[in-house]
Each structure stands twice: as structure tokens, then as C-alpha cells.
Amino acid sequence: MAATTLPERPGRPGRPGRAAAPHRAAPPGRRPVGIVPTAILLLGALYCLLPVGWVLVAATKSKAELFSTPTFAPGTGLLSNLADLAAYRDGVFWLWMLNTLLYAGGGALLSTAVSAVSGYALAKYRFPGRNVIFNLLLGGVLVPSVVLAIPQYLLFARVGLADTYWSVLLPQILSPYGIYLARVYAGAAVPDVLLEAGRIDGAGHLLLLRRVALPLMLPGMVTVFLFQFVAIWNNFLLPFIMLGDDQRFPLTVGLYTLLAAGANQPSLYNLILTGTLLSIIPLIALFLTMQRYWRTDLAGGAVKA
């Protein structure tokens with residue numbers, strides 16, 4: 001008796017007996033939903049950039065044009081404003097700029113170094129009280145800096161460091177938020193197997209930190225440096241409380257004194273706007289210069305063997 005062969009059900013090649021799933025078209029009207037987040041981001045960018053654009057335009061206006069021309073109409077007095085600002089009180093603005101670079105640059109570098117070492121130790125070493133220290137650091141993140149300003153001034157006044165560069169620089173070195181970021185980044189970016197391999201080869205703690213951990217933590221430390229640099233650059237309350245000599249003022253306090261004097265001398269408003277514009281330029285240049293480290297970190301995604 002001849003054997004009969006059952007017909008094979010249609011299916012995908014190589015997988016007989018299973019019907020091919022019908023192709024489902026994307027539901028119409030779903031893609032335009034992405035327009036809403038884009039519009040929100042554009043509105044947020046406009047909200048943030050509008051004051052910057054106003055400062056840029058206002059800094060180009062002369063004393064006569066500042067209050068007599070439309071808000072966003074460019075002026076013709078930028079060069080004269082720069083000359084007047086440079087000549088004001090024998091160039092005290094540039095001294096404020098140098099002071100700000102010292103506070104922000106030195107404080108951010110020292111804070112990044114302390115954060116890198118502390119975060120690496122908290123992430124990769126087991127010792128008694130580690131969790132307690134980390135929880136205290138998290139609590140420090142929640143404490144506003146305005147609460148600590150007066151106690152810090154009293155402490156520095158007691159040891160004779162008030163109204164000095166150190167009174168502004170030293171409080172910025174320890175950043176609980178920077179240590180927290182460094183701890184999280186070290187735990188994710190530094191594999192334990194690399195550290196164990198280095199210990200087997202005879203490397204000590206400092207050598208492992210310098211040759212293994214820090215190169216892998218570099219993108220995260222750039223982020224900590226930028227955050228701390230911007231925070232110190234824009235800090236007003238701490239130097240305002242600590243300093244009394246305007247030769248040590250940063251830009252924030254120096255421009256505030258100009259603004260206070262501008263109530264009686266309206267001609268100083270042009271200097272204030274021009275100085276504000278110049279104070280933004282270093283921050284923009286810093287972000288444009290160091291953003292490649294963020295791109296490297298995002299593109300890498302993992303440790304390359």
C-alpha cells in the first residue's frame with residue numbers, strides 16, 4: 001500500500017510547519033508624538049538662551065542707546081564699552097577675572113582630585129565604616145551651601161584666614177556631590193579583574209590608582225571638574241561673606257558692587273552688561289573644549305581590553 005504524504009503547511013524557509021506571521025504596519029499617527037518633546041526642549045532652550053542674547057545685544061549699546069533703543073536692536077558702543085571697562089579703576093575688572101580663574105580653576109582641580117581618590121576608595125575598598133561615610137556624604141549633598149556660609153566664616157575668622165584667598169578656595173575643595181559621582185563612576189568604570197591582575201603583577205595601591213583607575217575614570221572626572229568649576233565661578237554668597245577687600249573679589253561680587261553703585265551712577269550699567277558678557281565667555285569656551293571627553297565616554301560604552 002502506497003504511503004501518502006501530508007501537505008506541508010506554508011511557513012518561513014527552514015522552519016516547516018509554522019505559518020508566517022503577517023507583517024504589521026506601524027500604527028498611523030504614532031510618530032508625530034515625538035514633536036511634543038522636541039517642542040518642549042526648544043522652548044526650554046529659548047528660555048535659557050534669551051537672557052544671554054539680551055546681554056549680548058545690550059553690551060553693544062552706548063550710554064545713549066541703552067535706554068532709548070528697542071530691546072534687541074544692536075548698538076554701536078561695544079568697543080567703547082570695552083575700553084571703559086578696561087580703564088575703570090585702573091583695570092580692576094581684569095583683576096576680578098584673574099581672581100575668579102584662581103578660585104574656580106584651582107578649587108575645581110583640587111576638588112576633582114579629592115573626589116577621584118575618595119570615590120575610588122569608597123567604591124573599590126572594603127573597610128569598617130565605609131557605608132557610614134558614604135551615607136554622611138549623601139547627607140552633605142542635601143545641605144544647602146547657604147547654611148554653611150556663616151559657620152565657615154566664623155571658623156576662618158578664628159584662625160585668621162578671613163578676607164584671604166584661602167577663605168574662598170578651601171571650602172570649595174570638599175564636594176560631597178563630586179565624591180558621590182566619583183564613587184558611582186569608579187564602581188562602574190573600573191573592573192575588579194583589572195585591579196586583581198595588577199595586584200598579581202605586584203602593583204601597589206598608588207600605582208593601581210595612577211595607572212589603572214584614573215585613566216578609566218577620566219571622563220567622569222571631567223564631569224566633576226566642570227560641575228565644580230561652574231559652581232565656583234557662579235558662587236556669590238561665600239566670597240561676599242568672606243571677603244572685604246575688593247582686590248580679592250571674584251567677578252560675581254565685583255559686578256554686584258558695580259550694580260549697587262549704578263543706582264547713583266547710571267553710566268555704570270554699560271560696564272555691568274559688558275562685564276557680564278565677558279564673564280560668560282570662559283564658561284562657553286570651557287564646555288566647548290572639554291565636551292569631547294563626554295563624547296568619548298558615551299561612544300565607548302565599556303572598557304576596551
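Helices (H or I, at least four residues) and strands (E, at least two) are taken here as DSSP runs, numbered from the N terminus. On this basis, the protein chain contains 13 helices and zero strands. The structure is a predicted model, in which local features need pLDDT of at least 70 and side-chain atom pairs count only at pLDDT 80 or more, while totals for chains, interfaces and linings use all residues. Residues are numbered from 1 along each chain as its sequence is written, and side-chain values use heavy atoms, with hydrogens and water left out.

Read from the N terminus, the order of elements is α-α-α-α-α-α-α-α-α-α-α-α-α. A residue is called buried under 20% relative accessible area, exposed over 50%, and partly exposed in between (1.4 Å probe, protein chains only). Of the 305 residues in the protein chain, 32% are buried. Contact means heavy atoms within 4.5 Å. Among contacts between residues at least 6 apart in sequence, 70% join residues at least 24 apart.

The interior was examined in terms of nonpolar cores, each a set of buried Ala, Val, Leu, Ile, Met, Phe, Trp, Tyr and Cys residues joined through side-chain atoms within 4.5 Å. The largest nonpolar core comprises 31 residues, and those with the most contacts inside it are Phe93, Trp96, Phe225, Phe229 and Trp233. At least two residues of this core come from each of H4, helix H10 (205–233), helix H11 (237–242), helix H12 (251–262) and helix H13 (268–300). Trp233, when its neighbours within four places in sequence are set aside, is in contact with Met97, Thr100, Leu101, Ala104, Leu251, Thr252, Ser279, Pro282 and Leu283. Another core lies apart from the largest one and has 16 residues, including Leu195, Leu209, Ala213 and Met221.

Helix H5 (residues 130–141) has twelve residues and reaches 17 Å from its first C-alpha to its last. This value is close to the 16 Å expected at 1.5 Å a residue, where the expected span is 1.5 Å times one less than the number of residues. Arg130, Phe134 and Leu137 are buried in H5. These residues lie on the same side of H5 because they cover an arc of only 55 degrees around the axis; the arc is that of the directions from the helix axis to the C-beta atoms. The buried residues of H5 pack against helix H4 (92–124) and helix H8 (176–189). On the face of H5 turned away from its buried side are the exposed residues Asn131, Val132 and Leu136.

A cavity is a set of points where a 1.4 Å probe fits but cannot get out, a pocket is an open set with protein on both sides within 12 Å along at least five of seven lines, and lining residues have an atom within 4 Å of a point. Grid points are joined across faces, edges and corners, and a volume is the space filled by probe spheres set on the points. The largest pocket has a volume of about 710 Å³. It is lined by 24 residues, of which Ser145, Pro171, Gln172, Leu174 and Pro176 are the closest to its centre. H5, helix H6 (145–158), H8, H10 and H11 each supply at least two residues of this lining, and H6 gives the most, with five residues. One cavity of 30 Å³ or more is found in the whole structure. The largest cavity holds about 40 Å³ of space, and its lining consists of Thr100, Tyr103, Val168, Gln172, Ile232, Asn235, Pro239 and Pro250.

Several individual positions were also examined. Most residues other than glycine have a negative phi. Arg89, which is not a glycine, has a positive phi of about 50 degrees, and Asp90 likewise has a positive phi, near 60 degrees. Arg89 is partly exposed at 42% relative accessibility, whereas Asp90 is exposed at 80%.

Ala83 belongs to helix H3 (residues 78–87) and is partly exposed, with a relative accessible area of 46%. Its C-alpha atom is separated by 9.6 Å from that of Leu271, 188 residues apart along the chain. Thr164 lies in the loop between H6 and helix H7 (165–169). Residues up to four places away in sequence not being counted, Thr164 touches Leu243 and Arg248.
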